[in-house]
Amino acid sequence: MSEGVVAEIKTIIYYWWNREPEPANGAEDFGGTVQVLIGSTNDERADSFDLIVCSPSRFAEHIAPENWGRSRCLPGGNVLPITGVWLMKTWSRPEFEASLRRVIPAYSPGPDFATVAARIGRVIPWEYDYKHDTAVNRAAGLPDTSASFWHDD
């Protein structure tokens, strides 16, 4: 029996909004984007998984209606789905990274990295989500429908 592909975090990179410095532990108003580079344990390569981590107050400010933008809303413009957002009442890098490290083993092993990455992508969006969906549809002889969903053509 095969052991399958097991994922691991290679690197975590923080991009704090408005070029702010990393908030102090315990900060109650913060927000940023986190790029988590994840790959298999037997390969040095990694794919990018990106999420937002912020306080509820900063999140409310970030998604205020004037900041929504048409491209973030579902067709019709009144529904804003939120994927890949992790809210924390107070900032703690150790707690955040411990949570990341619990997510990764929850979705592996898998038969291949694309399967493991798609599973992780349920909670941390994967850079190749839509390309993977397209490949799966093509292999099954189905059309790619994901790209057209977000555009009012």
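1. Start with helix 5. Its face turned away from the buried side carries K131, R138 and A139, which are exposed (over 50% relative accessible area; buried is under 20%, with a 1.4 Å probe and protein chains only). Helices here are DSSP runs of H or I, at least four residues, and strands are E runs of at least two, numbered from the N terminus.

2. This is a predicted model: local features need pLDDT of at least 70, side-chain atom pairs count only at pLDDT 80 or more, and totals for chains, interfaces and linings use all residues. Residues are numbered from 1 along each chain as its sequence is written, and side-chain values use heavy atoms, without hydrogens and water.

3. Helix 5 spans residues 129-139, and D129, T134 and N137 are buried in it. Seen down the helix axis, these buried residues fall within an arc of 130°, so they line one face. The arc is taken from the directions from the axis to the C-beta atoms. G141 follows helix 5, with a positive phi near 75°.

4. Finally, A7 in strand 1. A7 counts as buried because its relative accessibility is 8%. Its contacts (heavy atoms within 4.5 Å) include I38, I104 and V116. A7 and G110 are 103 residues apart in sequence, yet 8.9 Å apart in space, C-alpha to C-alpha.

How values were computed
Lists of a residue's contacts leave out its neighbours within four places in sequence.
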